[in-house]
Amino acid sequence: MSTILLIEQVLNGLQSGVMLFLMAAGLTLIFGVMGLINLAHGSLYMIGAFAAAAVAGATGSFVLALIAALAAAAAAGALVELLVIRRLYDRDHLDQVLATFALILIFSEGTRFVFGSFPLFLDVPAALSGPITLPGGIQYPLYRLVIIAVGLAVAAGLFLLIARTRIGIQIRAGEADREMIAALGIDIGRLYTLVFALGAALAGLAGALVGAIQSVQVGMGEPVLILAFVVIVIGGIGSIKGALIGALLVGLTDTLGGVLLPVLFSSFMDASVATSVGSSLASMSIYILMAGVLLFKPTGLFGEA
Amino acid sequence: MKLKSLIAAASIAALSASGAGADGHGGKVKVGMITTLSGGGAGLGIDVRDGFMLAAKGNEMLELVIEDDQRKPDIAVQLADKMIQSEKVDVLTGIIWSNLAMAVVPAATAQGKFYLSPNAGPSALAGKGCSPFYFNVSWQNDAFNEAAGGWANDNGIEKVFLMAPNYPAGQDMIAGFKRFYKGAVTEEVYTKLGQTDYAAEIAQMRASDADTIYFFLPGGMGISFMKQYAGSGVEKNVMGPAFSFDQGILGAIGDAALGVKNTAHWSKDLDVPGNADFVAAFQAEYDRLPSLYAAQGYDTALLLISAMGKADVKDAEAFRAALKEADFQSVRGDFAFGENQHPIHDIYMREVVKEGDVVTNKIIGVAAEDHTDVYGADCKM
């Protein structure tokens, strides 16, 4: 295994990590502030990707497509919060899981009804397509570097929003004590809708950015949703910082595990056996990581008991 | 009751008029179609259904019941039970996925129902698990891969990087390729089923000294891989079975798929009698280009209709013989059944090209003539 290949794989891990962060940030905010388990978060990711594909197809502009993805996902999030989620805050977690699972089915079949059963086309904009050469002679797709940059920028923006603004203070206060901030005269209903729409917009952005290099199809959100849950469990539920660290850990473990484990096993076993044992173990690696973290920190890396 | 007998009388009249039922053969046949019409894999089921319905259109002797299996084996089994016990169908068809076929087909054929496979041909049903009631109208899973392996030998491909998802069909496809391919395999990579990001594998391809990438990644996995591969700047030949390059998904891959070679038993530009008419009729009816799945659905209906003209479905022995004759004009050209009732047909090499604005496939040669599977030897009927 050459150094160049290793560096390239680390970049790949980072890229998948920051995209996971966009998903996990919304999920963890919603859970932290409202105590709600939202299984339909993956559907918002799908809505972002479909909105982007539809607008890119109609106008040819990737920037407009991204704006449409943000707007559509935020609007869908706000609408769902007002119509459905609002009634679930005081209910049991099992009720929330059931209701948001129903939303997954409704969104999936609704999307299929509107856009048809065949995957949509969404491509990387021409200006960002193709590889560039990094120092050291590493060829790396430009678009993936841009994704890393956008993800890190959004992470920084989110930290500023939470640490420095009035909304951020309200969000943190909401996490600490919901009844108290309502008693202090803050419109908690409006705050909840806002947080939900923000989380949805982040998921939509991730869907649109990733949709350009993956398949835009019904059901694309669910595999990511599972990873996002792993991320917030590792990072500590409710913690944005935990979501970032957790997402990067999961992204790197998943990518590097898939590459390094088969190589590692082939040093002491037969090549074909090593490939299958290595790839099977690689699929488990993030769950092993999660189990390991929970063993030592049962509330996650940055979670509070 | 009155209405029923009226319809029966009308259809008998229609039959005698067409001459098909003149010697008393060819009663009504009730067909149960279990296929995937919702969720991520719905495009395939919809194409099979539409192709079948196009061929069966206006045929009053053929009654069709269609149900959605949601790509779930347990639901497919329930539907099959319902169709056999309460709908009393004579023939079952429609299943897209090998794992669903394995859940439904052995039980259905054991109850004496005919099953015509419009897609998926797991090796178990071609070999030891073959049945007189099971006819595969599509392909055995290994077929496209074996043909591709043979084509690679003849076309100067020497070092191949193999990739497939880590599940039985993925391993079968790769094994099929290696069965015929004589060159070197530099890497053999198994990915997670449903994986969406292939950056890590593409980096391995860049570092590899293979001249060709051969992969099987059905559905969305193939779309993701091709888009990412095109953006990576790696420039090796790409080859695979047709499943990742079919009409239904080429639109979603776009220009990134241009130049890819893929093997299939059918292509819309295949010059055999009836194919051009099929493509035109499909486009007129559904306003999109037919896929390979649509062609398989169409062939399945043609086969069934050909047998209905020769024998009564209630006479299982005669109907089976009629099916086995395969006396219909397949849109893939020559078609016959082997001893295990799996197809003997030509497999073509296609290349992805752009015709105007549409990305589609064009035939560039024959990859295997009169190809049949290797499992027939284990089939004792």
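Domain bounds come from an automatic or database domain assignment. In this predicted model, the assignment for chain B gives domain 1 (2-139 + 270-341) and domain 2 (143-264 + 347-378). Helix 2 (residues 42-56) of chain B packs with helix 12 (residues 292-308) of chain B, and helix 2 also contributes to the side of domain 1 that touches domain 2 and to the side of chain B that touches chain A.

**Domains of chain B**
- The C-alpha centres of domain 1 and domain 2 of chain B lie 29 Å apart.
- Each domain supplies 18 residues to the contact between them.
- On the side of domain 1 that touches domain 2, helix 2 and helix 5 (123-126) of chain B each give at least two residues.
- That side of domain 1 comprises six nonpolar, nine polar and three charged residues.

**Helix 2 and helix 12 of chain B**
- The two helices pack at an angle of about 40°, and their axes are 7 Å apart.
- Their crossing is right-handed.
- Residues making the contact include B:Leu44, B:Val48, B:Phe52 and B:Ala55 of helix 2, and B:Tyr298, B:Ala301, B:Leu302 and B:Ile305 of helix 12.
- The contact residues divide into 13 nonpolar, four polar and three charged.

**Contact of chain B with chain A**
- Chain B provides 32 residues to this contact and chain A provides 40.
- Elements of chain B that give two or more residues are helix 2, strand 7 (184-191), helix 8 (199-207), helix 9 (220-232) and helix 10 (247-253).
- Helix 9 of chain B gives the most, with seven residues.
- The side of chain B that touches chain A has 10 nonpolar, 17 polar and five charged residues.

Key
Residues numbered from 1 in each chain as written. Chains lettered and ligands numbered in written order. Predicted model: local features only at pLDDT ≥ 70, side-chain atom pairs only at ≥ 80, totals over all residues. Axes fitted to C-alpha atoms, helices over the stretch in contact; angles between N-to-C directions. Helix = DSSP H or I, 4+ residues; strand = E, 2+ residues; numbered from the N terminus. Left-handed = near helix turned anticlockwise from the far one by under 90°. Contact = placed C-beta atoms within 7 Å. Nonpolar A, V, L, I, M, F, W, Y, C, P; charged D, E, K, R; others polar.
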